[in-house]
Every structure is written in C-alpha cells, then in structure tokens.
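Biologist: I have a chain on my screen and would like to learn how to read it. Please take me through it feature by feature.

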Amino acid sequence: MPARSIEQIRNLCKRRGFIFPGSAAYGGLGSFWDYGPLGVEMLHHIKRAWWRSTVYERNDMEGLDGAIITSRKVWQHSGHEATFSDPLVDCKKCRARHRADHLTSNVCPKCGSADLTPPRSFNLMFQSHVGPVTAEAGTAEELASRVYLRPETAQTIFMNFKHVQTSLRRKVPFGVAQIGKAFRNEITPGNFIFRTREFEQMEIEFFIKPPQFVKEGEKTDEQWHEEWISQRYNWWLGLGVDASRLRKRAQDKAELAHYAKATTDLEYLFPDFGWGEVEGVANRTDFDLSAHSRDVPDADLARLKLEKNADSTETFDYFDPEAKARYIPWVIEPSAGVTRAMLAFLCEAYHEELVKEPEAAEIEAIKTEIPAVIKNAQKKAKEARKDKPEPAASAAGPAKFDPEAIEAFCTALDEMAARLPASLLEIDNLLEEHPGAANLEPVKKLKPKVNKMAEDCVRVVLRLHPTLAPVKVAIFPLKKNAPEIVDIAHRVTKQLSPFMRVQYDDSAGIGRLYRRQDEIGTPFCITVDFETLENNTVTLRERDTMQQTRVKIDELKHLLMQRLHLA
RNA sequence: GCGGGUGUAGCUCAGUGGUAGAGCAUCACGUUGCCAACGUGAUGGUCGUGGGUUCGAGUCCCAUCACCCGCUCCA
C-alpha cells in the first residue's frame with residue numbers, strides 16, 4: 001500500500017534529508033523548498049532518466065538549456081503577459097471576485113457592498129529589471145527594462161528553434177528537450193511540493209509537419225500526439241508507478257488552453273488530494289512559432305487569433321527540402337514536472353510492512369477489547385441518530401458524531417479484527433483516519449496500544465526503482481570493534497564509490513542499520529562479517545525481499561552495476 | 001484572499017499564570033555473530049515572531065508569519 005497521506009511523505013523527507021522548508025531560520029517562506037542531500041540525488045536521477053529516455057535513446061532529439069531571465073517581449077507575444085495579469089478585487093462581504101477594470105464603480109455588482117479589497121495584480125509571472133531602475137511601474141522606462149522569470153521553459157525552446165535546427169542540421173520532424181526551473185507566482189500553492197512557486201520542468205517541443213504537408217504513410221499531428229502520450233505514459237510505468245494510479249485524461253474543450261488543439265494530462269493518484277497532473281502532452285499546433293514570427297500570412301494570423309508581430313526580427317519557419325516548401329512547423333509538447341514527479345515517486349514507493357510477528361498475548365488483548373469498542377460506538381451512533389434533528393450538522397460544521405460514519409467504522413473494524421494479526425496496520429490506520437472513529441472515547445484508549453504494537457513490528461520502506469534511489473548501496477561492518485572487518489568494509493566502500501552513491505555506516509546494530517536504509521529506499525546493503533575473513537565474500541541484502549546472498553567481493557561491482565541498471 | 005485548525009528539542013508530543021519536560025532520534029565510550037539490542041554519559045529549546053496584560057506568560061489578549069484542511073483561484 002503506497003503512502004496514505006502527504007504528511008507521511010513530508011515527515012520522512014524532512015527527517016531523512018530529502019526536502020526541507022525554505023528560509024526556515026526566518027520563519028519560512030511560503031511554499032519554497034530546499035532539496036537536501038538525498039533529495040538532490042533523487043532529482044538528478046529523475047532528470048537523468050528522463051533525459052536518457054527522451055534524448056539519448058532517440059535519434060530525433062536534441063537538448064537545450066535556456067536562460068531563466070527572459071525579455072518581456074517573449075511573454076508579451078506568447079500571450080502570457082495578457083492572460084497572466086488581471087487586477088482583481090474581492091468583495092469582503094459576499095466574497096465574489098471581480099476584475100477591477102470591469103467595475104464601473106466602487107460597489108460590488110453582486111451584492112452592492114462597497115467593502116472591497118484594493119485591486120491586487122494577479123500577475124503570475126515574477127518580474128525584475130535589468131540594470132538600475134528607479135522608474136515608476138508601468139512607465140515606458142520601466143517597461144523597457146522589465147524582465148520576467150520564465151513561467152515555463154517551453155518558450156525558450158521556441159526562441160531557439162532555428163538555432164538548433166540549423167546548427168545541428170536537423171530535419172523536421174525533430175524535437176528539443178529542456179530541463180530547468182520555471183516560476184509562477186501561484187495564488188494558491190500547496191500540497192507540499194505539488195504546487196510551488198519555484199519548480200522544475202522537463203519539457204519537449206517536438207516539431208512536425210503541418211497537416212497540409214503530411215504525405216501518405218507519414219504520421220499526422222494527431223498520430224504524433226498519440227505516440228508521445230503513450231511514450232511518456234510508459235516512462236512513468238517503467239520507473240515503478242503502478243498503472244492503477246496513473247491515468248491519461250484528455251482535456252475537454254473548455255479546459256484547453258488558448259494555444260492547444262488537444263491536451264492529454266497524465267495524472268497520478270496522490271494521497272489526500274487525489275488525481276493530480278504530473279505531465280501534460282499538448283498539441284500546440286503552429287501557435288507559438290507563429291506568435292514569435294515576423295512574417296506570418298494574414299490567414300494564419302486570423303486562424304490562430306494572433307496579432308501581427310512587429311517586434312520580432314525572425315520568422316520561425318522551416319524549408320522542407322522534400323516538399324520544396326517553407327512552413328512554420330507544428331508542435332507536440334510533452335511537459336512534465338520534476339518536483340511533481342519526485343512527489344509521485346515518493347508516494348508510490350512509500351510502504352509500511354509488518355516484518356515481525358506481534359506478541360500473541362498483546363494481540364489477544366486487543367482482540368478482546370475491540371468488541372467493547374464496537375458496542376460502545378454503536379450506542380453512540382444510536383444516540384446520534386436520535387439527536388439528528390438538532391442543529392448539530394448545520395452550517396456550523398459536521399456533527400461530532402455522524403451515525404453513518406460510525407457504523408461504517410464498526411463494520412470495517414469488525415472485519416479487520418477477524419484477520420488479526422495480519423490486519424494490525426490496517427486497524428492502526430483505521431483508528432487514526434476513519435471519520436467515524438473521531439471523538440470516540442474507547443477508540444482514543446485503544447489507539448495508542450495498537451499504534452505502539454504496529455510501530456514495533458513495522459518497517460517503513462521506500463520501494464523506489466533502483467534508478468531513482470538516492471543511495472544505491474550501504475556498507476556495514478557486522479561488528480565495529482573488529483578492526484579487520486571495519487577495514488574491509490572501508491575498502492569495499494572506496495572500491496564502489498566512483499560508480500555509485502554509497503553510504504558507510506557503523507553507528508548502530510545491524511538491524512537498525514538495515515531499517516535506516518529501507519526508509520530512504522537504498523536497494524542494497526552489504527555487510528562485511530566474519531565469513532568475509534575466511535573466503536572474501538560479503539552478505540548482500542536486498543531491500544524489497546530482505547533476502548541475503550553471499551557475493552564475492554571481486555564480483556560486487558559488476559553485479560551491482562547490473563542490478564542497479566548502471567551498466 | 002476568506003473561514004477553521006496547528007505552531008514547545010532533529011521527530012512525535014505533554015505541559016490551564018509560578019524553576020522548560022518525556023519518549024524516540026543524534027553523538028561518545030563500553031557491549032553487541034544478521035533485521036528498529038543493552039548500559040553509562042552527553043549534545044540539543046530566547047516555547048514561530050513582535051507587542052500587550054501581569055509581581056510573574058509556553059499558558060491570557062492583540063498583531064504578524066508559516067504550515068494543514070475547506071472555499072476562492074489555477075493562461
């Protein structure tokens with residue numbers, strides 16, 4: 001069972017050095033996060049896996065790394081400046097939100113109240129200025145020096161379409177991949193690293209023939225779109241996401257962005273907030289390249305609802321030597337979030353498992369206690385049903401005791417109790433999370449007992465795909481007071497270090513050392529023991545199965561490189 | 001931005017106006033022959049921040065910030 005809540009992931013991330021709150025010493029800065037030693041490893045692995053699959057393993061892709069700070073003109077002509085910045089006012093009384101420039105007076109059109117917030121600019125782009133500027137906002141001088149932190153990496157790919165095409169002598173169809181940071185001043189960030197104001201994208205602009213130039217037997221824009229959707233979908237599955245928690249969802253007409261002919265989102269089923277977009281694959285047509293081009297036929301401008309671009313010095317077209325024609329290519333854009341990917345992979349990998357049989361006597365004690373809890377709960381449910389006409393469940397909030405929830409809770413608890421001890425973790429979770437369990441006194445008494453027992457018998461393990469694991473191998477001496485064993489453990493560490501991230505640890509008993517590594521998803525642990533002294537073999541312990549095999553030290557590197565997909 | 005909640009040691013939390021606490025974690029020493037062992041000791045907190053009430057504030061009041069939940073928003 002993957003993570004039950006984002007909170008679990010957030011705690012683990014902080015405790016074990018994946019992700020820390022940003023600017024923490026000064027009280028934190030809303031929704032900015034710093035990636036710790038393990039987080040940065042994982043980010044690198046995600047990005048490398050993406051780059052390998054989209055650039056190295058194809059023959060029709062090139063890479064790019066564009067500047068983050070970009071001319072204001074880029075975003076004027078891409079359409080972002082206009083669509084990203086409305087001055088809005090809120091009515092404090094009825095909470096309706098209106099565009100300030102649509103108001104005819106200082107009165108809310110909905111309820112007539114004059115109690116409005118001052119207009120706030122909802123420009124989602126972070127801006128700055130190049131050079132020393134003292135000019136007042138909005139003046140020609142200020143606008144001339146204004147720059148934006150890119151809100152997506154895509155536009156810098158468009159700006160470089162011709163550079164890449166000519167310098168690498170590419171023929172359409174081909175694509176350009178970019179990984180990099182993007183910034184959006186989101187009104188409502190949240191859900192840990194799911195929506196943040198600073199984030200990282202992995203984007204591809206794949207340039208293809210416009211429909212009218214597609215010949216018999218060549219792929220249409222729709223076919224390319226489909227191909228990329230399935231290509232990208234499979235990438236997620238290949239890195240360990242279960243198909244039951246990953247879906248393709250085609251956006252309907254109303255949802256589509258102004259530039260897109262079609263978009264399919266890849267969504268992951270997160271705990272707490274459910275399906276969330278981790279990647280979008282859009283058919284952007286020739287909108288973007290046309291928008292940045294100087295010479296575009298009027299008919300195309302009209303079709304794309306674009307103004308003529310007098311600022312641009314370029315036309316982003318392509319001479320097709322076969323068709324002997326010049327055209328502005330269409331674009332398929334697979335655009336994934338690095339940080340969202342990390343959250344999805346962590347949620348997917350998080351598991352709590354029973355690894356020890358609980359004490360039979362304690363299980364019996366709980367078994368006898370549960371029927372009493374159920375009986376009491378049912379009594380409460382009955383009382384609550386009687387009280388229902390009371391205003392308990394009114395606008396003030398949900399009732400303290402919801403009879404239906406309580407009954408559902410009782411049914412579930414009864415079923416689980418029959419399956420003890422195997423269901424210990426489920427019961428622990430049920431007592432903690434089920435709405436029907438809230439506020440019940442006997443539950444409050446039972447909870448710590450179950451929780452304690454569960455904690456004693458459980459291990460937390462990140463079943464990360466080996467490619468994504470921040471630490472690949474941990475190396476322990478079985479006994480840290482045996483110098484000859486410690487010595488070999490150090491030597492093995494040194495031997496493997498150039499090829500993979502390894503961790504040497506001798507600061508606890510062997511069991512604890514294993515658990516620590518399980519919690520950060522280390523696929524393999526190596527233990528140097530007394531047998532090593534006799535025959536030069538070590539114990540190789542696997543994270544997922546906890547099984548141990550003996551491996552010759554000489555063969556370790558080769559074996560690990562294979563098992564970790566490094567060779 | 002609105003409503004509700006939370007904020008005390010690295011983590012989980014206790015502490016209802018009178019000397020800042022526990023468990024876990026971390027570190028050191030000893031012990032330890034494979035899945036969260038044990039002993040001894042140590043480190044660690046201006047109680048989110050700022051103001052106020054009070055002889056005295058972690059505790060009461062005001063403001064502010066951050067996070068969580070729900071709205072709103074999300075080209």
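Modeller: The buried residues of H1 pack against strand S1 (19-21), helix H11 (338-349), strand S18 (350-354), strand S19 (458-462) and helix H17 (510-519). Contact means heavy atoms within 4.5 Å. Helices (H or I, at least four residues) and strands (E, at least two) are DSSP runs, numbered from the N terminus.

Biologist: What kind of model is this, and how are residues and chains labelled?

Modeller: This is a predicted model: local features need pLDDT of at least 70, side-chain atom pairs count only at pLDDT 80 or more, and totals for chains, interfaces and linings use all residues. Residues are numbered from 1 along each chain as its sequence is written, chains are lettered from A and ligands numbered from 1 in the order in which they are written, and side-chain values use heavy atoms, with hydrogens and water left out.

Biologist: Back to H1. Which of its residues are buried?

Modeller: Buried means under 20% relative accessible area, exposed over 50%, partly exposed in between (1.4 Å probe, protein chains only). H1 spans residues 6-15, and its buried residues are Ile6, Gln8, Ile9, Leu12 and Cys13. They lie on the same side of H1, because they cover an arc of only 155° around the axis. That arc is taken over the directions from the helix axis to the C-beta atoms. After H1 comes Gly17, with a positive phi near 85°.

Biologist: How many helices and strands does chain A have?

Modeller: Chain A has 19 helices and 24 strands. Of its 567 residues, 50% count as buried. Take the contacts between residues at least 6 apart in sequence: 65% of them join residues at least 24 apart. The accessible surface is about 28200 Å², with 51% belonging to carbon and sulfur atoms. Such areas come from the Shrake-Rupley method with a 1.4 Å probe; for residues, only the protein chains shown count as cover.

Biologist: Now the aromatic rings. What describes a pair?

Modeller: A pair of aromatic rings is described by the distance of the centres and the angle of the planes. Rings of Phe, Tyr and Trp (its six-membered ring) pair if their centres lie within 6.5 Å; planes under 30 degrees apart count as stacked, over 60 as edge-to-face and the rest as tilted. That rule gives 17 aromatic pairs here. Phe161 and Phe174 are stacked, because their ring centres are 6.0 Å apart and their planes are at 15°. This pair links distant parts of the chain: Phe161 is in helix H7 (residues 161-167) and Phe174 in strand S10 (residues 174-183), 13 residues apart. Both Phe161 and Phe174 are buried.

Biologist: How are the rings of Phe206 and Trp224 placed?

Modeller: Their centres are 4.7 Å apart and their planes at 45°, so the pair is tilted. Phe206 sits in strand S11 (residues 198-208) and Trp224 in helix H8 (residues 221-238), 18 residues apart. Both Phe206 and Trp224 are buried. There is also an aromatic cluster, formed by Phe194, Tyr268, Phe270 and Phe273.

Biologist: Which residue lies over the face of Trp224?

Modeller: Lys219 does, at 4.3 Å from the ring centre. A charge sits over a ring if NZ of Lys or CZ of Arg is within 6 Å of the ring centre and within 35 degrees of the ring normal. Lys557 also has its charged end over a ring, that of Phe499, 4.1 Å from its centre.

Biologist: How many disulfides are there?

Modeller: A disulfide is a pair of cysteine sulfur atoms within 2.5 Å. The count is zero. Cys410 counts as buried at 3% relative accessibility. Cys457 is buried too, at 4%.

Biologist: And the backbone? Where does the cis peptide bond lie?

Modeller: The bond from Val172 to Pro173 is cis, with omega near 5°. Pro173 lies in the loop between H7 and S10.

Biologist: Which non-glycine residues have a positive phi?

Modeller: Phe192 is one of them, at about 60°. Phe192 lies in the loop between S10 and S11 and is buried at 4% relative accessibility. Met546 also has a positive phi of about 60°. Its place is the loop between strand S23 (537-542) and strand S24 (548-552). Met546 is partly exposed, with a relative accessible area of 32%.
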